[in-house]
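Open the model in your viewer and keep the selection tool at hand. We will go stop by stop.

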Amino acid sequence: MLVMIAENDGLHRTFARRTVEQLWPGDVEVIEASDGEDAINLAAEREPPHVVLDLQMPKATGIEVARAIWNRRAGTHILFWSNFADEAYVRGVARIVPPGSVYGYVLKSATEEGMRSALRGVFREGHCIIDREIRGIQHRVQDKFEGITDGEYESLIDIALGLTDRAIAARRGLSIRGAQSRIKHVYDKLGIVPAEDGVGDASVFNSRTRAIYLAMARGLINIDALRREQDRLDAWLAQASPNP
């Protein structure tokens with residue numbers, strides 16, 4: 001049994017290794033990566049069928065590592081292990097999981113027995129094991145009244161990246177009115193009353209800036225998500241720019 005542990009924190013990496021080796025004494029080989037780039041390279045070289053993967057690592061995020069692993073081997077069982085229950089990470093994982101794949105998402109605040117149960121469930125029993133707090137976020141994402149749709153999330157990201165309504169419309173293949181309508185839906189779900197509506201103290205806030213703050217406070221977006229999205233925006237801008 002081959003297990004890769006990708007974790008930049010040495011103490012957490014040691015804990016994960018010890019837990020895996022105690023679960024399957026004499027029947028497991030553990031390989032380690034200390035950053036995302038090492039994890040991608042090591043996974044390509046050894047093709048481990050079981051991976052414990054931190055979501056926040058230098059050089060490449062856990063989302064990027066998982067995408068690279070699943071692109072090569074969709075049957076890999078991955079246990080995401082993180083300090084964070086951000087909606088941005090939950091959405092990021094949901095976007096890349098291949099159909100029918102086995103994975104888990106457990107928080108580092110879980111007990112040692114909770115970690116053991118997750119490892120057994122994902123690696124040996126082939127079950128998807130999701131932390132209760134993460135399940136709650138998944139349900140909120142899927143709630144059509146409270147959850148931000150994928151289209152609305154794209155608009156929220158575009159706002160955070162500083163795009164104008166016209167640029168958002170061009171990037172997403174919408175009319176300007178359609179882009180503005182999506183943004184209005186984002187404001188509604190975040191509880192923002194645009195200043196132009198003239199209600200209460202709405203004029204105190206800049207609606208776009210307020211949306212970014214509320215989205216970050218709720219965990220809808222984070223710096224990892226924005227870095228990934230900036231890369232995608234750069235690629236779109238390069239493609240959209242006329243050739244000299």
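Leaving aside its neighbours within four places in sequence, which residues is Met4 in contact with? Select Met4 and look around. Its partners are Ile31, Ala39, Leu42, Ala43, Pro48, His50, Val51, Val52 and Ile69. Contact here means heavy atoms within 4.5 Å.

A word on the model before moving on. It is predicted: local features need pLDDT of at least 70, side-chain atom pairs count only at pLDDT 80 or more, and totals for chains, interfaces and linings use all residues. Residues are numbered from 1 along each chain as its sequence is written, and side-chain values use heavy atoms, with hydrogens and water left out.

**The whole protein**

Zoom out. The protein has eleven helices and six strands. Helices (H or I, at least four residues) and strands (E, at least two) are DSSP runs, numbered from the N terminus. The C-alpha trace spans about 70 × 50 × 30 Å along its principal axes. Of the 244 residues, 45% count as buried. Buried means under 20% relative accessible area, exposed over 50%, and partly exposed in between (1.4 Å probe, protein chains only).

**Residues 2-123**

Select residues 2-123. UniProt lists them as "domain: Response regulatory" in an unreviewed entry. Its positions follow the numbering used here, feature names are shortened, and annotations may be inferred rather than shown by experiment. This stretch is 48% helix and 21% strand. Its end C-alpha atoms are 10 Å apart.

**The cores**

Now select Met4, Leu53, Ile78, Phe80 and Tyr105. They have the most contacts inside the largest nonpolar core, which has 31 residues. Such a core is a set of buried Ala, Val, Leu, Ile, Met, Phe, Trp, Tyr and Cys residues joined through side-chain atoms within 4.5 Å. Helix α3 (residues 62-72) gives the most to this core, with five residues. A second, separate core has 23 residues, including Ile159, Ile168, Ala179 and Ala211.

**Helix α3**

Select α3. Its buried residues are Gly62, Ile63, Val65, Ala66, Ile69 and Trp70.

**Strand β3**

Go to strand β3 (residues 50-54) and pick Asp54. UniProt's unreviewed entry annotates Asp54 as "modified residue: 4-aspartylphosphate". Is Asp54 buried or exposed? Asp54 is buried, with a relative accessible area of 4%. Not counting residues up to four places away in sequence, Asp54 touches Ala6, Glu7, Asn8, Gly62, Trp81, Ser82 and Lys108.

Stay in β3 for His50. His50 counts as buried at 12% relative accessibility. Beyond four places in sequence, its contacts include Met1, Thr76, His77 and Phe123.

**A helix pair**

Show helix α1 (residues 10-23) with helix α5 (residues 112-124). They pack at an angle of about 60 degrees, their axes 10 Å apart. Axes are lines fitted to C-alpha atoms, for helices over the stretch in contact, and angles run from 0 to 180 degrees between N-to-C directions. In α1, Phe15, Thr19, Val20, Gln22 and Leu23 meet Glu112, Met115, Arg116, Leu119 and Arg120 in α5.

**Last stop**

Find Val193 in the loop between α9 (176-190) and α10 (207-218). Val193 counts as partly exposed, at 36% relative accessibility.
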